[in-house]
Amino acid sequence: MISFLDLKKVNNQYETELKEACNRVIESGQYIAGSELDSFEVEFSSYCGTKYAVGVANGLDALSIVLRAWKEMGKIKAGDEVILSANTYIASVFAITDNDLTPVLVEPNDSTYNLDIQTIEKSITTKTKVILPVHLYGRISPMNEITLLAKKYNLLILEDSAQSHGASINGVKAGNFGHASGFSFYPSKNLGALGDAGAVTTNDKQLADIVRSLGNYGSYKKYENIYKGVNSRLDEIQAAMLRVKLNYLDKDTAIRKLIAKKYLDKIKNPLVRLPEKCSDENHVWHLFVVRCKNRQHFQEYLTNTGISSLIHYPIPPHKQQAYEEYRNIRLPITDKIHQEVLSLPINPSLNDEEVDIIISSINNYTI
Ligand SMILES: *Cc1c(COP(=O)(O)O)cnc(C)c1O
């Protein structure tokens, strides 16, 4: 069976360095807020091109704490509207509702799976305060256009970069377009820790300081609490693991791009719709998502030929029990996407032979 993602195989490539880094932390005696985190924040902000990166416990917290910080700064208030694409992973929506803000779920572009400026503009009201572009599957959103629109309407931009580490437009990377961005380093992400981890990137010093404080019980100075904060910290072991893996991120991304190119060039089956081609730098291929009208049949066929696949995602946020209040919104493009999408294996530990098997199996698929 060709596995979808074998994390042991991925991390085994860096086994010696990961173990050394882990030992370094054990020996240091400092397990929270030490030099590994300081160094990772410098290295990751430099990778993204931003002035600041602040480590937090996970990607959901990264997004949620930025919104909370903007509330503390008086930039937004409860009830304000945040525009995002309806086909995102539910964490993007939780970050909004956790802060008593109102998510405005809009249809994504049916080919890029990201927000388009036309649909955003139609959804702007007097209560709109934030646009939250999710760079879904690793493809960056049209950030130059979104930035112009945000300026026109005086809106904040919070990028959800959880799937798009290193994707760029004209050399500017994900995480460096918005007023802030949230990253996840969940183990299966393109830059994955060996546990939970996340970060906020921004060029705004005040925001970076407040985010750091909010994640540390709302305090700058021990035992003096300015905000009703939370505990959301990136620990030393995970920071050390991420420092090792950040060195290989571009190499791993290059492998993902090669596999994607092979799939795009060689998969030829009218029953299977491939992702839209785009500029090489725009997409880091966190997922390679195809569409099939009879997805269940196609997925069963792949399983029977020894190929694992996954669905990202089977149920859109507005159809989840957690969001019963949105059950009646009409989002036909989103609903259709969720019925048809299927993710093929694409990760740096997939070998050439496996890629060829996947291509020929799909080319042989019939109804
Ligand atoms: C993974 C992910 C998140 C959440 O990250 P966690 O680290 O799991 O909290 C948020 N948004 C998107 C688009 C994601 O893929």
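Predicted model: local features only at pLDDT ≥ 70, side-chain atom pairs only at ≥ 80, totals over all residues.
Reader: Happy to dig in! How many aromatic pairs does a search of the whole structure find?
Author: The search gives 14 aromatic pairs.

Reader: Why is the pair of tyrosine 89 and tyrosine 313 called tilted?
Author: Good place to start. The ring centres are 5.2 Å apart, and a pair needs centres within 6.5 Å. The planes of tyrosine 89 and tyrosine 313 meet at 35 degrees; stacked needs under 30 and edge-to-face over 60, so the pair is tilted.

Reader: What makes this pair a tie between parts that are apart in sequence?
Author: Tyrosine 89 is in the loop between strand S2 and helix H5, and tyrosine 313 is in the loop between helix H11 and helix H12, so the pair ties together parts 224 residues apart.

Reader: Why do phenylalanine 298 and tyrosine 365 count as buried?
Author: Phenylalanine 298 has 0% relative accessibility and tyrosine 365 has 3%; the cut-off is under 20%, so both count as buried. They also form a tilted aromatic pair, 4.8 Å centre to centre with 50 degrees between the planes.

Reader: How do you know that the charged end of lysine 173 sits over the ring of tyrosine 47?
Author: The charged end is 4.0 Å from the ring centre, and the distance limit is within 6 Å. Tyr47 also belongs to an aromatic cluster with Phe40, Phe44, Phe183 and Phe185.

Technical notes:
Residues numbered from 1 in each chain as written. Heavy atoms only, no water. Phe/Tyr/Trp six-rings, centres within 6.5 Å; stacked < 30°, edge-to-face > 60°. Helix = DSSP H or I, 4+ residues; strand = E, 2+ residues; numbered from the N terminus. Buried < 20%, exposed > 50% of the residue type's maximum accessible area, 1.4 Å probe, protein only. Lys NZ or Arg CZ within 6 Å of the ring centre and 35° of its normal.
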